[in-house]
Amino acid sequence: MDKLPPRIEAFLGRLLRNKRGRDAKLLTRTSPVLQALQPTVAVTSSVGPSQSPLPAEYTQVGANRFPPLSWTVPNDSVPAEKIHSYVLIVEDADAPLPNPIVHGLYYGLAKDKTSISSDDVAVADASKRALQGGFQYGVNWHQNVWSGPRPVLGHGSHRYFFQVLALGKALEEKPWGKEELLQWLEKEKESVLAWGEWVGTFVREP
């Protein structure tokens, strides 16, 4: 709705205000493998605790920077030597659509790569979908590297789920989308070790 006049966008936002809460269709709630695991990966952000409002600089309203995140996996949950790499997927569960919107999908984050910033998601080699942080980006809603929050005017606060998965096996180099990732998780059950999330919120009111 980003091309609609603000007045019309706000009208539609209010009309669709109750169309939200697609939590059950988030990656970590859809995958039977992840559903069987408790979220033991501790994901944090300097923005604040989970459910904190995202400053405008981390949204399309501002500079569209990627918010700073870091994570730890307790050794008593998953021994460090078992972890090969991480996957990070960001989804908006409150978009007025049948399914959450994927704002970003990143894979091949090395086992010692336990934080991410906006500098990391700058493109290093577009032909290989490679980023400056040493990992790769998959397919999101806007077919770009990072599509920051921009909820519909008047639709209320949206929640953005930054979900981190610890894997014991590498993903092959290809443009992964959410559905392909779900299929891989089901096929490679033994390689899915742990997950956790941090949630940021953002609202645009007329």
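Strand β3 (residues 69–72) and strand β6 run antiparallel and are joined by 2 bridges; strands here are DSSP runs of E with at least two residues, helices are runs of H or I with at least four, and both are numbered from the N terminus. Two strands count as paired if DSSP finds at least two bridges between them. In β6, Ser 115 stands opposite Ser 70. The open sheet has 3 strands in the order β1-β3-β6, with antiparallel pairing. Its edge strands, β1 (42–44) and β6 (115–116), each pair on one side only.

This is a predicted model, in which local features need pLDDT of at least 70 and side-chain atom pairs pLDDT 80 or more, while totals for chains, interfaces and linings use all residues. Residues are numbered from 1 along each chain as its sequence is written, and side-chain values use heavy atoms, leaving out hydrogens and water.

Now to the charged pairs. The structure holds 10 salt bridges, each a side-chain nitrogen of Lys or Arg within 4 Å of a carboxyl oxygen of Asp or Glu. Here are three of them:

| Pair | N to O distance |
|---|---|
| Arg 159 and Asp 23 | 2.7 Å |
| Glu 197 and Arg 29 | 2.6 Å |
| Asp 94 and Arg 159 | 2.9 Å |

Glu 197 lies in strand β11 (residues 192–202) and Arg 29 in helix α2, so this pair ties together parts 168 residues apart in sequence. Asp 94 and Arg 159 are both buried, meaning under 20% relative accessible area; exposed is over 50%, and partly exposed in between (1.4 Å probe, protein chains only). Asp 23 is partly exposed at 23% relative accessibility. A network of salt bridges links Arg 20, Asp 23, Asp 94 and Arg 159.
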